[in-house]
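Work through these exercises with the model open beside you. Try each task before you read its solution.

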Amino acid sequence: MASRELFKEMIEMKPRTDLERAVFFYYKLSCSFGGLSRSFALRGGSNIIPLFNKDKVEKVSKRLANVVIDNLSFEKLITKYDREFTFFYVDPPYYEKEDVYDRDSIDVFTQHKELRELLGKVKGKWLLSYNDHPKVRELYKGYDIQEAETLYSLSGKTIPKTEILIKNY
(Lines give C-alpha, C1' and ligand atoms only; values in the text may rest on other atoms or scores of the structure.)
Protein backbone atom coordinates (compact mmCIF):
# COMPACT_ATOMS: atom_id res chain seq x y z
CA MET A 1 0.00 0.00 0.00
CA ALA A 2 1.25 3.46 -0.83
CA SER A 3 -0.23 6.29 1.19
CA ARG A 4 0.71 9.67 2.56
CA GLU A 5 -0.17 8.46 6.08
CA LEU A 6 2.12 5.43 5.89
CA PHE A 7 4.88 7.59 4.43
CA LYS A 8 4.60 10.00 7.39
CA GLU A 9 4.60 7.10 9.84
CA MET A 10 7.79 5.68 8.32
CA ILE A 11 9.48 9.06 8.58
CA GLU A 12 8.67 9.25 12.29
CA MET A 13 9.17 5.58 13.20
CA LYS A 14 12.50 4.24 14.35
CA PRO A 15 13.23 0.88 12.74
CA ARG A 16 13.92 -1.96 15.20
CA THR A 17 15.98 -4.14 12.85
CA ASP A 18 18.25 -3.78 9.83
CA LEU A 19 15.50 -5.31 7.68
CA GLU A 20 12.97 -2.73 8.87
CA ARG A 21 15.48 0.06 8.22
CA ALA A 22 15.99 -1.23 4.66
CA VAL A 23 12.25 -1.53 4.01
CA PHE A 24 11.56 1.95 5.46
CA PHE A 25 14.37 3.48 3.40
CA TYR A 26 13.20 1.81 0.20
CA TYR A 27 9.56 2.74 0.78
CA LYS A 28 10.41 6.38 1.50
CA LEU A 29 12.70 6.48 -1.53
CA SER A 30 9.97 5.02 -3.77
CA CYS A 31 7.22 7.32 -2.49
CA SER A 32 9.02 10.65 -2.37
CA PHE A 33 9.65 13.56 -4.67
CA GLY A 34 12.92 13.06 -6.49
CA GLY A 35 13.73 10.12 -4.23
CA LEU A 36 14.77 12.49 -1.46
CA SER A 37 12.64 10.81 1.23
CA ARG A 38 11.31 14.15 2.47
CA SER A 39 7.82 14.59 1.06
CA PHE A 40 5.20 12.19 -0.27
CA ALA A 41 4.86 12.11 -4.05
CA LEU A 42 3.70 9.17 -6.06
CA ARG A 43 3.19 9.06 -9.77
CA GLY A 44 1.53 6.01 -11.30
CA GLY A 45 0.09 4.51 -8.13
CA SER A 46 1.37 1.74 -5.89
CA ASN A 47 2.28 -0.52 -8.83
CA ILE A 48 5.55 1.41 -9.24
CA ILE A 49 6.82 0.15 -5.88
CA PRO A 50 8.62 -3.12 -6.70
CA LEU A 51 8.27 -4.46 -3.14
CA PHE A 52 4.56 -4.94 -3.90
CA ASN A 53 5.25 -7.17 -6.88
CA LYS A 54 5.79 -10.72 -5.56
CA ASP A 55 7.38 -11.97 -8.80
CA LYS A 56 9.95 -9.17 -8.79
CA VAL A 57 10.76 -9.76 -5.12
CA GLU A 58 11.31 -13.47 -5.77
CA LYS A 59 13.55 -12.79 -8.80
CA VAL A 60 15.62 -10.28 -6.87
CA SER A 61 15.84 -12.66 -3.91
CA LYS A 62 17.25 -15.43 -6.12
CA ARG A 63 19.66 -13.04 -7.84
CA LEU A 64 21.00 -11.75 -4.53
CA ALA A 65 21.24 -15.16 -2.82
CA ASN A 66 25.07 -15.07 -2.72
CA VAL A 67 25.49 -11.31 -2.46
CA VAL A 68 26.67 -9.66 0.74
CA ILE A 69 25.02 -6.35 1.58
CA ASP A 70 26.55 -4.60 4.54
CA ASN A 71 26.16 -1.23 6.23
CA LEU A 72 29.69 -0.01 6.82
CA SER A 73 31.82 2.93 5.79
CA PHE A 74 33.52 2.34 2.46
CA GLU A 75 36.89 2.00 4.22
CA LYS A 76 35.69 -0.72 6.57
CA LEU A 77 33.64 -2.51 3.92
CA ILE A 78 36.40 -2.70 1.30
CA THR A 79 39.01 -3.69 3.87
CA LYS A 80 36.75 -6.39 5.33
CA TYR A 81 35.71 -8.06 2.05
CA ASP A 82 38.59 -7.43 -0.34
CA ARG A 83 39.88 -10.67 -1.87
CA GLU A 84 41.10 -11.56 -5.37
CA PHE A 85 37.66 -13.02 -6.19
CA THR A 86 35.65 -10.09 -4.78
CA PHE A 87 33.71 -7.71 -7.02
CA PHE A 88 32.72 -4.30 -5.69
CA TYR A 89 30.14 -2.09 -7.32
CA VAL A 90 30.83 1.39 -5.96
CA ASP A 91 28.27 4.19 -6.31
CA PRO A 92 29.33 7.14 -4.15
CA PRO A 93 27.47 10.44 -4.04
CA TYR A 94 28.32 12.32 -7.19
CA TYR A 95 31.05 14.93 -7.21
CA GLU A 96 29.76 18.42 -6.30
CA LYS A 97 26.27 16.90 -5.89
CA GLU A 98 26.84 15.53 -2.38
CA ASP A 99 24.17 17.74 -0.79
CA VAL A 100 21.45 15.86 -2.71
CA TYR A 101 22.20 12.81 -0.54
CA ASP A 102 21.72 14.69 2.75
CA ARG A 103 18.94 12.58 4.26
CA ASP A 104 18.14 9.94 6.84
CA SER A 105 21.06 10.88 9.10
CA ILE A 106 23.59 10.04 6.39
CA ASP A 107 26.74 12.12 6.65
CA VAL A 108 27.51 14.15 3.54
CA PHE A 109 30.21 12.33 1.55
CA THR A 110 33.33 14.33 0.80
CA GLN A 111 35.95 11.58 0.70
CA HIS A 112 36.42 11.27 -3.06
CA LYS A 113 40.24 11.30 -2.85
CA GLU A 114 40.28 8.79 0.01
CA LEU A 115 38.00 6.47 -1.96
CA ARG A 116 40.32 6.70 -4.98
CA GLU A 117 43.36 5.89 -2.84
CA LEU A 118 41.71 2.83 -1.32
CA LEU A 119 40.39 1.55 -4.66
CA GLY A 120 43.94 1.77 -6.01
CA LYS A 121 44.93 -0.93 -3.48
CA VAL A 122 42.00 -3.31 -3.98
CA LYS A 123 42.94 -6.95 -4.78
CA GLY A 124 39.56 -7.71 -6.34
CA LYS A 125 37.70 -6.02 -9.16
CA TRP A 126 35.60 -2.89 -8.92
CA LEU A 127 33.22 -0.90 -11.06
CA LEU A 128 32.57 2.68 -10.04
CA SER A 129 29.77 4.92 -11.31
CA TYR A 130 30.08 8.70 -11.13
CA ASN A 131 28.78 11.86 -12.72
CA ASP A 132 30.90 13.04 -15.63
CA HIS A 133 33.01 15.72 -13.97
CA PRO A 134 36.54 16.83 -14.97
CA LYS A 135 37.82 16.38 -11.37
CA VAL A 136 36.57 12.77 -11.32
CA ARG A 137 38.20 12.06 -14.69
CA GLU A 138 41.46 13.51 -13.38
CA LEU A 139 41.22 11.56 -10.12
CA TYR A 140 40.82 8.25 -12.01
CA LYS A 141 43.19 9.00 -14.89
CA GLY A 142 44.85 5.76 -15.98
CA TYR A 143 41.77 3.60 -15.35
CA ASP A 144 39.29 2.44 -17.96
CA ILE A 145 36.64 5.20 -18.11
CA GLN A 146 33.56 4.73 -20.28
CA GLU A 147 30.62 7.04 -20.83
CA ALA A 148 27.09 5.81 -20.20
CA GLU A 149 24.00 7.68 -21.31
CA THR A 150 21.14 7.68 -18.81
CA LEU A 151 17.89 9.51 -18.15
CA TYR A 152 17.12 11.49 -15.00
CA SER A 153 13.45 11.86 -14.11
CA LEU A 154 12.34 14.68 -11.87
CA SER A 155 9.15 16.72 -11.73
CA GLY A 156 7.69 14.75 -14.60
CA LYS A 157 10.57 15.72 -16.89
CA THR A 158 13.12 13.34 -18.36
CA ILE A 159 16.58 14.79 -18.84
CA PRO A 160 19.36 12.91 -20.69
CA LYS A 161 22.66 12.85 -18.79
CA THR A 162 26.08 11.35 -19.31
CA GLU A 163 27.57 9.41 -16.42
CA ILE A 164 30.86 7.58 -16.38
CA LEU A 165 31.77 4.04 -15.43
CA ILE A 166 35.31 3.49 -14.16
CA LYS A 167 36.82 0.04 -13.64
CA ASN A 168 40.06 -1.61 -12.66
CA TYR A 169 39.72 -4.67 -14.91
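**Exercise 1. Classify Asp144 by its relative accessibility, then find its salt-bridge partner.**

Step 1. Asp144 has 31% relative accessibility, so it counts as partly exposed. The classes are buried (under 20% relative accessible area), exposed (over 50%) and partly exposed in between, with a 1.4 Å probe and protein chains only.

Step 2. The partner is Lys167, with the closest N and O atoms 3.6 Å apart. A salt bridge needs a side-chain nitrogen of Lys or Arg within 4 Å of a carboxyl oxygen of Asp or Glu.

Step 3. Lys167 lies in strand β4 and Asp144 in strand β3 (residues 144-154), so the pair ties together parts that are 23 residues apart in sequence. Helices (H or I, at least four residues) and strands (E, at least two) are DSSP runs, numbered from the N terminus.

A note on the source: this is a predicted model, where local features need pLDDT of at least 70 and side-chain atom pairs count only at pLDDT 80 or more, while totals for chains, interfaces and linings use all residues. Residues are numbered from 1 along each chain as its sequence is written, and side-chain values use heavy atoms, without hydrogens and water.

**Exercise 2. Compare the accessibility classes in two other salt bridges, Glu20 with Arg16 and Lys141 with Glu138.**

Step 1. In the bridge between Glu20 and Arg16, the closest N and O atoms are 2.3 Å apart. Glu20 is buried, at 18% relative accessible area. Arg16 is exposed, at 72%.

Step 2. For Lys141 and Glu138, the corresponding distance is 3.6 Å. Lys141 is exposed, at 58%. Glu138 is partly exposed, at 48% relative accessibility.

Step 3. The structure holds six salt bridges. Asp132, Arg137 and Glu147 form a network of them.

**Exercise 3. Which side chain makes a polar contact with the side chain of Glu163?**

Step 1. Locate Glu163 in strand β4 (residues 157-167).

Step 2. Glu163 is buried but has none; Lys161, the nearest side chain of opposite charge, is 9.0 Å away. For charge, Lys and Arg count as positive and Asp and Glu as negative, while His and the chain ends are not counted.

Step 3. Look for a polar contact. The side chain of Tyr94 provides one, at 2.9 Å. The term means a pair of N or O atoms within 3.5 Å; within protein, one must be able to donate a hydrogen and the other to accept it, and residues adjacent in sequence count only if both atoms are side-chain atoms.

**Exercise 4. Describe the surroundings of Ser129.**

Step 1. Ser129 sits in strand β2 (residues 125-131). Ser129 is buried, with 3% relative accessible area.

Step 2. Its side chain makes a polar contact with that of Tyr89, at 2.8 Å.

Step 3. List contacts (heavy atoms within 4.5 Å). Leaving out residues up to four places away in sequence, Ser129 touches Tyr89, Val90, Asp91, Pro92, Tyr94, Ile164 and Leu165.

**Exercise 5. How many residues does the largest nonpolar core have?**

Step 1. Such a core is a set of buried Ala, Val, Leu, Ile, Met, Phe, Trp, Tyr and Cys residues joined through side-chain atoms within 4.5 Å.

Step 2. The largest has 18 residues; Leu115, Leu119, Leu128, Tyr130 and Tyr140 have the most contacts inside it.

Step 3. The elements giving two or more residues to this core are α4 (74-81), β1 (87-90), α5 (112-119), β2 and β4.
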